Structures are given as C-alpha cells and as structure tokens.
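Below are some exercises to work through, each with a solution you can follow step by step.

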Protein chains: 4
Amino acid sequence: MTVAGDYETVARERLQPAVYDYFAGGAGDRFTVNDNLQAWQRIRLRPRVLRDVGVVDTRTAMLGAPVAAPIGIAPTAAHQLVHADGECATAEGAAEAGMLYVVSTMATCTMEDIARTAPGAPRWFQLYVRGDLGHARELVRRAEESGYSALVVTVDVPTLDERDNGGPALEQRVELAHLPDGADVSDRHVALTFDDLATIVSWTRLPVLVKGLLRADDAATCVRTGVAGIVVSNHGGYQLDGTVDPPTALAEIASAVGDVAEIYVDGGIRRGIDIVKALALGAHGVLIGRPIIWGLAVAGANGVRAVLEELRADLELAMKLCGVPTLSDLSADLVVEP
Amino acid sequence: MTVAGDYETVARERLQPAVYDYFAGGAGDRFTVNDNLQAWQRIRLRPRVLRDVGVVDTRTAMLGAPVAAPIGIAPTAAHQLVHADGECATAEGAAEAGMLYVVSTMATCTMEDIARTAPGAPRWFQLYVRGDLGHARELVRRAEESGYSALVVTVDVPTLDERDNGGPALEQRVELAHLPDGADVSDRHVALTFDDLATIVSWTRLPVLVKGLLRADDAATCVRTGVAGIVVSNHGGYQLDGTVDPPTALAEIASAVGDVAEIYVDGGIRRGIDIVKALALGAHGVLIGRPIIWGLAVAGANGVRAVLEELRADLELAMKLCGVPTLSDLSADLVVEP
Amino acid sequence: MTVAGDYETVARERLQPAVYDYFAGGAGDRFTVNDNLQAWQRIRLRPRVLRDVGVVDTRTAMLGAPVAAPIGIAPTAAHQLVHADGECATAEGAAEAGMLYVVSTMATCTMEDIARTAPGAPRWFQLYVRGDLGHARELVRRAEESGYSALVVTVDVPTLDERDNGGPALEQRVELAHLPDGADVSDRHVALTFDDLATIVSWTRLPVLVKGLLRADDAATCVRTGVAGIVVSNHGGYQLDGTVDPPTALAEIASAVGDVAEIYVDGGIRRGIDIVKALALGAHGVLIGRPIIWGLAVAGANGVRAVLEELRADLELAMKLCGVPTLSDLSADLVVEP
Amino acid sequence: MTVAGDYETVARERLQPAVYDYFAGGAGDRFTVNDNLQAWQRIRLRPRVLRDVGVVDTRTAMLGAPVAAPIGIAPTAAHQLVHADGECATAEGAAEAGMLYVVSTMATCTMEDIARTAPGAPRWFQLYVRGDLGHARELVRRAEESGYSALVVTVDVPTLDERDNGGPALEQRVELAHLPDGADVSDRHVALTFDDLATIVSWTRLPVLVKGLLRADDAATCVRTGVAGIVVSNHGGYQLDGTVDPPTALAEIASAVGDVAEIYVDGGIRRGIDIVKALALGAHGVLIGRPIIWGLAVAGANGVRAVLEELRADLELAMKLCGVPTLSDLSADLVVEP
C-alpha cells in the first residue's frame, strides 16, 4: 500500500463521482496515468550497506527556500471542489509539514489569502497565461509582492481539450481566483513560445522554473532563456496520452542541464522509494499531485500535512535502507534502469 | 476511448454477428489483429514545448491530390453488407470530410457510380487481379476515365484462404461490381509477380502504389519497378498471422525508400497520437479500415464523415500537444521506439 | 485456433483424465510446456511479396526418405492408451499422408508389425537403452531388418523422474513392445554418454540422429561422433522445466552445424507459420508430438492423417503468404527474433 | 508445484493468519517478495547431454563444514511461533538431513540448547547487534564456545520498520533467547558500519560472512575488511521493496569477489533447478527461508528434514537432467540470463 492509498480510498467514497474523476482521470485511454505509476516500479534499487545511517537528514532547499524534505505540492486546480477551505487549507497543511506548496493560477483562493494563511512558508506560484500577457504580468507582480519565492511557468498546455467538458463544468461550480476580470473558465488559453518565456523571465527578479518538459533539447533552450529550474512532467497524464515516462525523461534532462538548473519531477510518485529513485536519477526534488488532493478531501489541512509527513518519513526509511544518510549521497549507482 | 470506439460498439449491436465478424475478424489466432492495436501504444512520444501552435495545419496532398488531412480510407470490400448505399455513401462521407477514399475492386457499387456521387473528391482505385490480366487492364482504364488519381495494387493476397468460407458466403449476398463477367467471388485470385507489377505500371499514366509491403528490400524493388508509393500493411491481420507490426516495418521502409516514394501505412491506427507517431516514423499519410466500416454501419455517409473529422481533430490536438504546427515538423525525434 | 486445437478438445472429452494428463502434462511447473507454445509466437514474420507462388511445393526428403512435407511424427509412448490399434494406426495415418513416422522404443506395437502395416512408408526408429546395450543392439538390428531408414537416439532422459508415478502406472496397463525380456517399465533406464553414442553409431549402416539437444557445443560433438542429424528438443517440457526455448536453441545449433547435419526441431509447433519460422531458422523439418496423439485418440489412423494433412496445407498457405514457393526459399531474413 | 508448495498450503491452514502473514509477508507492495520467485524463472537452462551422470554427488563443504548438499537454512526469527520445540526442532531436522542451519539471533531457543540438540551438525550463528556491541561480543563468544563454525553478520537491517507493528507484537508472544538482559523486541536496533564490521571480525577466529549484500562494490569492501563469505540477499523482500533481484546481484558479486570469498544467495529459491541456476551463476550454496518455516509448522523436525531432503533430491534430479555429475561442473554456460 502506498502512503496515499488509504486517503484515495476514503476520498473516493466521499467525493461526488464527477469530482473524483476530474482529479483521478487523464487524457485518452489513460495509458500515461497508469504508466506513470508503473514507471517508477520498473526501476530497481541497489542499496548500500554498512554506512552510518544513525542520522538521516531529508532537509534541503528548493531554489533557496528551506524545506523539511525535497517534496513539494504540485500545482492542481480548484481545491474548493474537494474541501471548503480550498487552497488555504492546503497551504496550512504544507506549512505545518515544512514543505513546499506550488500554488496554481487555477486556485479558488487568491494567492494573497493563501500567503496570509501561512506566512513565511516555502511557496512558489504557478503561472498560466489566460487572456493576455498583461494579465499574466499582473499575476507575477502580485506573486512577488505576496512573497512567493519562485515562478513556475507551465508549458505543456498549449490548448485545452475542448471535447472533455467535465473539467470546465466542474470549475464553474467554484470561483477561480486568478482569471482576468469578466473571464470564465472557457476563455482562451494562451499557447506560449520561447519568446513569451523570455518575456516572462524579464518581468521578474524571481527565479523561473518551466514545468512540463520531456526533452533534453527543450530543457537546454529553457536554460539558455534564463530559467533556473525545470519540472520534468507529463502533466500527470492529463494532457498528451502516450508520452515517455517521467523517470526516463528525468534521466535525460538531468544529464543535459542538471549542473546548471535545479531539476524537479512529478507524475506517479507515491512512495519513499520512488523519491529515492528520482533523486538518484538527478532530481533535486519531487512534486506530488493527486495524493495531496485525497489528503485534502479526507481531512483538510491535517490530511495534507499527514500525506506530506508520511511521505517524508517513508523517504527517510528508504534512505536508511539504501545506506544514504544525506540527500547528496543519492547517486545514479543506486538504481538500475529497465 | 478511441475515436472509433463508440461507433464499433453501436455497429456491433446493429450488424448481424456474421457481418460484424467478417469485418472485425482476422487470420489465425488473431495475434496480428490485436498486436496492430498494441504496436502503436508501444511507441512513446517526446512532445516539444513552447512552439507556436496557435495555428495547426493538417492539410497536405496525397500523390498530388489535396486533402484536409493525411488520413485516407483503406480499401475494404462489400460496403453494402453494412449499409444499403454501400461505397457511394462512403464516398460521400469522405468527400464531405475532404479526405481520400481508396475504392476497392471488391466494391458493391461501380467505380463510376462512386465517382459520380462525389465528383472532384480525392480518390484512388485499389486493384485486385481476379480472372485474367485483360480484365484488370479494363479496370485500370475505367479508373483513369472516371477520375481516380492513383492506382493501389494490393500484393499481399497471393491466395484466398479457402478454409475460411464465411467471407465468400457473405460476399455472395451482395453483388460485387468489378468481377469479370460471369465470375463469382470464388473465382481464381491471381498471385502477382514483380513482372506483373511492371506490366500494370506500363498500362497507365496514373501513379501506382503497392499495398501490403513489410520489407525494405521489396519496397526498393517496387520503386525500381516504377511505383510512386508504398502502403506498409499487414492487411489488418486478415492474411498472415504473426507478421512484424506496422510501425516497425514502416520505420524500415521509410528509411530505405522514403526519399523516393510516398510511404503510407495502415493497421491499428485509431487515434490522433497514432497518426503523429506514423508520420514521425516516416509515413506521408495513414489509411483507416475498420473504423470507417463502423461509421458507415451506424450512420451512412454521416458516420464516415464523422469518423474522419473526429480523427482529423484528434490529429490536430495531438499536433498541438506535441508542439508541431505543420505536418513537416513531424520528425523521428518525437518518438521513442520500444 | 491451431490445426490440432479441435482434436485436443475432443480428445480431452473422450480420454480418461489420467491418460489425457499423461500426454498433455509436463515436468515441474509446466513452465516449459507453456513456453514452447509461446516461443514460436514471439518470432515475427517478414513476408515477401510479388513472388511467383502459383505452385508451392512442400515435398522434400528427410535423411533421404521422400516425404510430402517436412513434418514428422515425434516419438511418443504407448499409443494403445488412446487407441486400440496403437502405433499401427499411427503408422497407417502417416503413410496415407506421405509423412515421416518416428516409432518409439516405448511403442505398444512391435516395430515389425508397424512396418508391415505400412510398408515403404518413411519411417525412423527411436532408441532408448533400457536394461543393457546388448538389448539395444538387438533393437537396432531389428530396425535395420524391418526397413527403418534412420535411428533416433534420445539423449535427454538420463533418468526417469521416479517421483511422478502416473506415467509408469499407465504404461503398465498396456504392453510395451520393446523392453528386455522379463523387464517392466520401472527397469533401469540407461544414461548414455558420448562413448555410448559412438558405440551405437558403430553398430549400424543407418544414419543416426540425436534427439534432445539444446546446445551448439553438444551438437558439434555429436557431429564429430558421426551423427547425421540433430533433433533440437526440450522433450516437449516433459523432462527439465525451465530450459531455453526450441527456436532459440535451433538458431544456435543450426548456425553451428547446419551445414554438416540435418537439423530438426520439436516442441510447441502447431501451425503452418510455426513450421515456416522453424525452417527459416535453419531446421530441415519439424516433428509433432501431442497433436498426433489427439488425432489418434479422436479418429485413429484417419485422425493422424487429418492432423498431418491439415498441417501440410497450413504450411503451404503460410508459404504462399510469405512469398516462398519452395522450402529452400525459407531463409533467416523471413523472421525477426524477439 | 515447488517442493515446499504443499507444506505452505498445509501450514497456511494451520497457523493463525497473523503468524502466517508474519512469515509470508514482506515490505511495501510486496513487489520484491513476488519478484524473488519470478527472478529465478526468468533464467533459462541450457542442459548438457551425454555426460556420465550415473552418480551425481551433491556433497560439499560450506566454509569448511561438510554438508550433504549446498543448501542451508536461512536465519529466521521466532520458530516457537509455529512449533512448540522452536529452533531445536529445526536443528534436529537439519542435522538429520545433513545440511547447514544458520541460527538467528532472534531465535526462541538458546544457541546452546540448539547446539546440544544436534551436536556436530553443520551450524552457523547469525548476528544482529541489539543494544550495544558488548552484548554482541558476548554472543560471538558463546557461539564460538558452543561450536558454531561461522558467524553471519546481517547488514541490511539498519533500522526496523516501526510502522509495521505486527512483527514486534508477535515476537512478544514468545521469548527471544539472545536479547540483552531486560531488553524487549522494540529495543534499539544498531545500524552497523564497515568499522563495526572490522571490529566484529577482530573478535573471533571464526570465519565471518556478511548477509544482505546486493552490490559488487560493497562486497569488495567486505572482503578487504576480512570477511570469508557473502550472502547475496534482499532479505526475502522483508526490508526494502523494489531492489535488484537475487540472481542479478549474485552474478555481479560472484564476478567481483567469487574467487576470494564463498558466495551464497537466498530469496525465492524453491526448486532444484533454482539451485542449479544459483550455482551456475557463481554461488557456492543457497539458503532457504520460508519453506523451512512451513515444514516446521506442519511436522516439526520431520518437516524440516523433509523439505531439505526433497530439495536435495530435486537438486540431484536437476543436475542429472543438466548433465552435471558434480557441483564443480555447474558453470555459467548452463544458464541464459534474461
């Protein structure tokens, strides 16, 4: 049983089926949704023995923000669909656990309210461009002012799949906090280019990460454009079905730009051993999506905190069993790729 | 769910079991029928990001004939078994969608009636030699006169499997339009040779394609014999069970002769991502068989049009999500072969 | 459905469960029994097209004996367990089909009775040494005198698995024709050595084959010892569970000694395409075990004949569909090994 | 059916579910518990033929102790949970079979009682450090005095998984014989280092083995530290889920240090063919865990003896069928790794 397994079982019982499916589902035949889970299992561990693991330290910094473990909350939309306190509860749980929260543009609480809920906690803002770039620039300014320490530009949603109307219908039940005035969820989604990325980088003193990369060449171009971090991701299987799996893409991207950018990964990570594998393959940290939603649905801020803390404890146990007392000991020789 | 999945479900409910099986079935243990579907899923995509995909253009030409998308209707027999208007309805649907229809020698409407139904639409004629070469030459002459723009010579049916009598029995319920006078469906099927192919090429000013190749050496010989295009195909699993899968054969044949002939592929293609993979592996376009039959069975010309248009829209979505605005951007780096 | 599939279904209904299991079963976890079937399916075909396959000829000679197809009956024990006429019926069926019958030492009819049933038919004798070499030498003399044209020495049964008592119990219900006087089925089974093999070769003017090889080095030693043919075999999964599969071993052995010995293979061959694959990998012919038992159980000599003729027709069809008019056209480029 | 299969079936019926699960279970998703079984099946055998296997000898010595076969009992905890006579019954069964017993620190009989039960039998002592090194040194002294011929230091349990409380609860039902005075099962488990290992080696004239290695580099360090043997093991899947499988790790470690240390392996070994594969890959012997527990649960000392003797007989049969009369004939050419 994975850490989040029990939460998903309970959440599935409590949530309306459409809401559960909105978060659990994915694109196409859900090949990638399922493959993301299997991809981490295909990688085998070669644990070290007889190392001093009396003290194992999972603390690190993510682009400078100190965290209790290299585990962050991936940006996901519309938390009020599963809990009345929405993203504010998520932020509270993350702050209590001492881990990073990446707030989505599609949040149902404003970024300022979220910041006030947990001042000083490690927090990044995820940026979608909806409407026009001017609106996006205003979001970036607000993120800077309310204390977000990095900007995550998602680049793997050049279009919304308009045939799948379940999502927009649900999103209209709640109020999305960062859409342009008068806009609704079906408003034009802007497909970004490398030029747009350069423009966004020029707006801000915050470090910028790009989320949604699966190719080393694109990662290299992003780094040349001035980004400080990469989130290797196939969007949890929500966008393009049938992509290369996250660990495979991670290894390639980390080899290419891991020395000049911080590399993160999401998609299918459910266990401490998955995190060990990700870091051994070159990730600086991981992001967690669906498990956080299940924790939030079951027990609000406490559920979010519990999921994060259980994952951190599971990571610590996995590190002990792998003979690695510190995160910097997690190197490629610990894994066998399939 | 694939684009054609719903149509197959409904068609299966409406058609007599023997008719459904005639179109859905295949040779031997149906290993290849099933493997054709899985073969495309074994190939993974490496999407590009941050490309300008505001406008995605699926239009192209297939051996000179302009089409709305590189998606054609593969030749299949006896459409009156599933719809009273037979191939004329198929042609109408294809013309409305602006896509290519490859009319089979085994059609139940004459090629002239089909041509009159949708004058000016992109259309090729598929040639089987039944009886003698003289009769085939007459079919070629009629195809030229009624405006077919290319000839597709099917070469992977050197014999009919006489043990499987379901097919001929069904074909006798309808009237096949292009058999020799006095012939019936059980008449001798001619196994062609490279010499016969050269003869057929010599008869006509139309470009000739050869359909049913799975080997690069045979493709090279065909090109030397004067053919302008190759349809990589294992006949949808109807002929020899246990062949190499279409994408594997496609990659080899495209490497060998892709610069001197237009390469097409059929077998198991059901989604926009499958088409992206085929074109990335070197195909100029794809042909679709069974899904068209299900569309025709469910809603006649409208069903055929709908299947084609849904596939085209799915291709456009897949191209956007892969960061490729034009068909010529679809190159081999987008896929990982298993 | 394989050619023999229907016969097995009917045979299973008619035979006592213990008898069915005796022939259908295998050693250990029956991993090899099942894997033998799958091994041929793992190999893919690359058919040729546009070859002249108007006439396809399956006739050949097996160590000089002319046969209608390169398909022989593998030696199996105790045919009277499934049909009252036992091996005489098997011989009659094989003779009517014009194919080779390899008579087992463990037959329930004498080799002379079998020979009289079908004089002039292609026939080899399979030799087990039970008791002492003197008795074996007498069997060889009788085989020469009664017209067997080759000797097949089975070498992969160095011991009987005494824990599995089902076999001996069943074998005692019938009378084994070639055991030493006063012996019964539980008598000592002699494990042969290369020296014993040389001795056996020295006894006879007949060509000797060795059956039960899975290694190229052993095959080379056998050839140096004077054998004329090799039967690549894991004994149908009855002996050692978990061996390398027949097509893999075949390819290695054919590469090593295929130019100086005739190579045969058995294990899991059920279709014409399986035979095409075997010959493409270097086999001169194939042997069939269980399907013959099911044919014999269902319809005696007629069942044996039918199974052989259906397999021959299926081979002919597979050759046509692969574009190979003659057996000598079956070369390695026709297959893709997994 | 494996040798131990019947015993497990009966044991499962007789034991309390919690006790059965304690021994049958494993860490995480039990991926490794199941994979250990499959890993041996993925390796194929290439048997030799025509070798003189009239006499097959499974006798050998394990670090100098003569044994009837290279099959030992892996250290497992708390045998009184399944049989009132606990480890004394296990020792009696092992002695009757003439095979090695590795007594666990977590035994419920004292090592002296176990030694008195079967004086002179081949026996090693497995060492966990619980509490402090002084206590461990005392255990080593007692092991020397009571006639254990080697010390097995388990190094893959740097921590106990405290979230899984089933184990400790069960262990408290019985009395563990070798814990420090006043300690209970939840007392601190000491994570050892290479320095600790050197210290332990310095305490004793007995040869020391290290158990729980999966890496060649760690094995080389152990050898340099003075150990005489390595037990390649992933702890039967009880510790870290998702490790490299035993045969893969065995092959690497045997290549690295097989000429300077005796290499053993455990995990998933259930058949004679598994043992043949292990020895062909470089193991000097194998250890068996769960099957011994099932034998003990079903029939006490007789059950232990029976499991060992059946495995030895199965090994002898497998050696005959592989054409290997002696253990030293088991070389790498006998196996094909996946």
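This is a predicted model: local features need pLDDT of at least 70, side-chain atom pairs count only at pLDDT 80 or more; totals for chains, interfaces and linings use all residues.

Residues are numbered from 1 along each chain as its sequence is written, chains are lettered from A and ligands numbered from 1 in the order in which they are written, and side-chain values use heavy atoms, with hydrogens and water left out.

**Exercise 1. A strand and its neighbours**

Take strand 6 of chain B and work out how many of its residues are buried, which way its side chains point, and which strands are joined to it by bridges.

*Step 1.* Find residues 123-127 of chain B, which make up strand 6. Helices (H or I, at least four residues) and strands (E, at least two) are DSSP runs here, numbered from the N terminus.

*Step 2.* Check the cover: 5 of the 5 residues are buried. Buried means under 20% relative accessible area, exposed over 50%, and partly exposed in between (1.4 Å probe, protein chains only).

*Step 3.* Sort the side chains. In a regular strand they alternate between the two faces of the sheet. Here B:R123, B:F125 and B:L127 point one way, while B:W124 and B:Q126 point the other way.

*Step 4.* Look for partners; two strands pair if DSSP finds at least two bridges between them. Strand 5 (residues 100-103) of chain B runs parallel to strand 6 of chain B, with 3 bridges, and B:Y101 has B:R123 as its bridge partner. Strand 7 (residues 151-154) of chain B also runs parallel to strand 6 of chain B, again with 3 bridges, and B:F125 is partnered by B:L151.

**Exercise 2. Where chain B meets chain C**

Describe the contact between chain B and chain C: how many residues does each chain give, and how many salt bridges cross the interface?

*Step 1.* Count residues with heavy atoms within 4.5 Å, the cut-off for contact: 30 come from chain B and 24 from chain C.

*Step 2.* Get the buried area, that is, the accessible area (1.4 Å probe) that two parts lose on being put together, summed over both. It comes to about 2,300 Å², 57% of it on carbon and sulfur atoms.

*Step 3.* Look for salt bridges, meaning a side-chain nitrogen of Lys or Arg within 4 Å of a carboxyl oxygen of Asp or Glu. The rule finds 6 across this interface. One of them links C:R46 and B:E252, with the closest N and O atoms 2.6 Å apart.

*Step 4.* Name the elements: helix 3 (31-41), helix 8 (194-203), strand 8 (208-213) and helix 9 (216-224) of chain B each give two or more residues to the side that touches chain C.

**Exercise 3. Salt bridges between and within chains**

Which chains do the pairs D:D35 with A:R44 and A:E252 with B:R46 link, and how buried is each residue?

*Step 1.* D:D35 and A:R44 meet at 3.0 Å, N to O. The pair crosses from helix 3 (residues 31-41) of chain D to strand 1 (residues 44-45) of chain A. D:D35 is buried at 4%, and A:R44 is buried at 15%.

*Step 2.* A:E252 and B:R46 meet at 2.7 Å, N to O. A:E252 lies in helix 10 (residues 246-257) of chain A and B:R46 in a loop of chain B, so this pair joins two chains. A:E252 is partly exposed at 30%, whereas B:R46 is buried at 15%.
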